[in-house]
Amino acid sequence: MAPLQKPGSFPLLGALATGCLLLIGLWTQEGSALPITSHCKLDRSNFQQPYITNRTFMLAQEASLADNNTDVRLIGGKLFEGVKVKEHCYLMKQVLNFTLEEVLLPQSDRFQPYMQEVVSFLTKLSSKLSLCRIEGDDQHIQKNVQELKDTVKKLGESGEIKVIGEMDLLFMSLGNTCI
Amino acid sequence: MMPKLCFLGLLIKFFLTSGGETQPTHESLKPQKVRFQSRNFHNILRWQPGIMLAGNSSIYFVQYKMYGQPQWKNKQECWGTPALYCDLTNETSDLREPYYGRVKAVLARTNSDWVMTPRFTPWWETQIDPPAVTVTRVNASLLVVLHAPDLPYRGQNGSNESMENYYDLVYRVFKINKSVGKEQKVYEGAQRVVETEVLTPRSSYCVVAEIYRPILDKRSQRSKEKCVQIP
């Protein structure tokens, strides 16, 4: 903490300068409007760790063996219908939080040891996205997320298995939309 | 005991009659071990005959779909095939998407049930072959040229899409001094042309290479040794 508080220290100046540049950049880019999304971003490095990538795919593979319903897919084209590309990360944040709270935590004693590792990884991502917001109305997004939730609820236990079987898709979608 | 005996009876009857009169059961016809095998994104569906089909040849019907699609699609080239495999490379070319394939066997007008593969995502499951390697001597150096396996199809604009579009591939090059039998890693990186010095004259050097995918921590097998004699 100490170096940050020292006035005139280079890191602070640097941070200020980048901050200003960033702000100027954003202001000029969006005219006088504020940026639509804020903090809806994840670092690429989150998705470049072979260990957790492999664990996520293994978890998905194991759960998907127990999912015989090949017609219904939760994370796919339909989820993004009517949602602008720059809102996709925010949408995935909603899906991630639902997945963690309502599926992975209740099912957390299953599919070990993968489950535990994937849950702690996704929890970190979720906290990194905690400030991710979009400006204005998000009803159209909530509608799509609600459809996913309804599908899972309707399928009951096997819906939860389906969610876990799509962990690889969740992982890749977060990467695609939030990097 | 009874079911076991019945089964044995059925088995004997099946082998005694020449397939015509006795209809094999659905269960015994079912193709076994239905799996995708994927190398360099060539995605081949493979299976084994049903348990009672050792000597008998049935024909097979293959369908596929992307996970989430409601309809299975027939694979025309494998619709009534006697083969035990079916090339679904083109049907599974969206490499990061999950797919399913399924097979049923038909013998003497009896259909087996469909047997489905596990969910299959080429990007995650494909095995990458070692790179093609050429080695030439230039003065006191070896010039190593590396080439990742080609993808099985062309991109949308007709150009050749490369493996590098799907992974951040890394080449690893090893140099082996034959006279001392010593191996040494001389390069790791994305460059396709690598130059490495050889210091000992009148000796034989060999080069092998492999492809590493950092994002999955997976390596290919090693290429064959390419050797050069230093005068």
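Reader: In which sense do strand β2 and β5 of chain B pair, parallel or antiparallel, and over how many bridges?
Author: This is a predicted model. One of the bridges joins R46(B) to its partner Y85(B) in β5(B). Strand β2(B) covers residues 42-48, and its pairing with β5(B) is antiparallel, over three bridges.

Reader: Which strands of chain B stand at the edges of the sheet, and why?
Author: The open sheet has three strands, in the order β1-β2-β5 (chain B). From one strand to the next, the twist averages 20°. A strand with a single partner has one side left without a neighbour in the sheet, so the edges are held by β1 (32-39) and β5 (85-87) of chain B.

Reader: Which helix gives the most to the lining of the largest cavity?
Author: The largest cavity holds about 70 Å³ of space. Its lining includes F57(A), A60(A), Q61(A) and S64(A), along with W124(B) and E125(B). At least two lining residues come from each of α3 (50-65) of chain A and α3 (122-125) of chain B. The most, four residues, come from α3(A).

Reader: How many nonpolar, polar and charged residues line the second largest cavity?
Author: This cavity has a volume of about 50 Å³. Among its lining residues are L74(A), I75(A), V95(A), F98(A), T99(A) and E166(A). Helices α4 (88-104) and α8 (167-178) of chain A each supply at least two residues of this lining. By class, the lining of the second largest cavity counts eight nonpolar, one polar and one charged.

Methods: Residues numbered from 1 in each chain as written. Chains lettered and ligands numbered in written order. Predicted model: local features only at pLDDT ≥ 70, side-chain atom pairs only at ≥ 80, totals over all residues. Heavy atoms only, no water. Pairing = 2+ DSSP bridges. Axes fitted to C-alpha atoms, helices over the stretch in contact; angles between N-to-C directions. 1 Å grid on protein atoms, 1.4 Å probe; cavity = no way out; pocket = protein on both sides within 12 Å on 5 of 7 lines; lining within 4 Å. Points joined across faces, edges and corners; volume = space filled by probe spheres on them. Nonpolar A, V, L, I, M, F, W, Y, C, P; charged D, E, K, R; others polar.
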